[in-house]
Amino acid sequence: MLKGQIAIVTGASRGIGKEIALKLAEQGVKLALVGSSEQVNQTAEELKNKGFSHVLPIQADVSNESDMQEVVRKTIDEYGHIDLLVNNAGVGFFKLTEEVTVEEWKKVFEVNVQGVFLGIKAVLPHMKEQKSGTIITISSDVGRYTIPNGAAYTATKYAVQGFSGSVAQEVREYGIRVGTINPGMVDTYFAESTQGLPEKKDWLKVEDIANAVVYMASASKYMLIDEIVLHPLIQQYPIA
Ligand code: NJP
C-alpha cells in the first residue's frame, strides 16, 4: 500500500528514525533522510548497500527554517512530491529543574517543538495542493502525563501533542492526516545512552516504533489514527 510513496524522515541518522527508514524502504517507499550530523550519509549508504536505491540523505537541522524549506525543495526536486513526513528528530535530558540551563531549555524546545513546527510548515503547502498527505510525529508518553526529573523534556512533548492535535483539525479538510506515536522507554542512543545495552533488553525496540509508523501511514485514506501509545510491559506509568 505504501509502495512508491515518498517520505521524509527526520532524525534518521540512528535510533528510531534509522529503523523507520529501513521499514519504510522495505515497503517500497522512496526516502529523504534528515539528520544534523554527517551520520545521516552513513545511514543512507547502509540502506543503499541493502539494495534500496531511492534514499536521499540531507544534512539539515530541523530547528532551522531555511534548512527545512531546503529539505522539502530537495525532496520534491528528487521525487516530485511528498506523501509522508515523519517528525522523529528529538533530544532529551533528565535532571532536576534547578540544574537545567537556559541553553538546555532552549535547545530541547528548538529541536522537539520548533523542529516539528518547521517540518510541518514546510510540507503543508505541497500536501494542501495535492490534497493528501500523512504527518506522523514521534512524541512520547510524557506528552500525556508528567514525570519528575524531566520537566523540560516533558513540557516539549506536551507542546507537540497540542500542536499536532490543532494542526490535524486545520488540515483534515485537505485529506491530510496528522497523528502522533507516543512510546515509553525505547532502547536507542537517546539522552546519551547506547543502543543495545543489556539493562535495556526488556525496553521497546526501535522496530516496535517503526512498525507503528508503517501501520499508521498505511491506514485507509478515509481513516485518521490520531495516536498510538505503546510501552514495554516492565514500565510502570501513570494513566492520564
Ligand atoms: O534518539 P536518538 P531516539 N536536526 O538519540 C537526530 C522520541 N522518544 O531514536 O542530528 C535533525 O537515538 C539525530 O541525528 P543527528 C524522542 O523524543 C524516544 O530515541 O545526525 N536531526 C538522531 O538521528 C525523539 O523525538 C524515547 O545526530 C536531529 C535522532 O535525532 C524520537 O523518539 C522515548 C537533530 C535521535 O536519535 C527519536 O529518538 C520516548 C536536529 N537538530 C520518545 N537533533 C526513548 N528512546 O526512550 C537530533 O517517549 N537529531
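**Figure 1. Fold of the protein chain.** The secondary structure of the protein chain comprises six helices and seven strands, where helices (H or I, at least four residues) and strands (E, at least two) are DSSP runs numbered from the N terminus. Read from the N terminus, these elements follow the order β-α-β-α-β-α-β-α-β-α-β-α-β. The radius of gyration of the protein chain, taken over C-alpha atoms, is 17 Å, close to the 18 Å given for 240 residues by the globule rule, so the chain is as compact as a globular protein of that length; the rule is 2.2 Å times the number of residues to the power 0.38. The model is predicted: local features need pLDDT of at least 70, side-chain atom pairs count only at pLDDT 80 or more, and totals for chains, interfaces and linings use all residues. Residues are numbered from 1 along each chain as its sequence is written, and side-chain values use heavy atoms, with hydrogens and water left out.

**Figure 2. The shell around the ligand.** Of the 30 residues around the ligand (a heavy atom within 4 Å), Ser-13, Ser-36, Ser-37, Ser-140 and Pro-183 come nearest. Helices α1 (15–26) and α5 (151–171) each contribute at least two residues to this shell.

Figure 3. Polar contacts are pairs of N or O atoms within 3.5 Å. A side-chain N or O atom of Ser-140 is 2.6 Å from an oxygen atom of the ligand.

How values were computed:
Polar contact = N/O pair within 3.5 Å; in protein donor to acceptor, adjacent residues only side chain to side chain.
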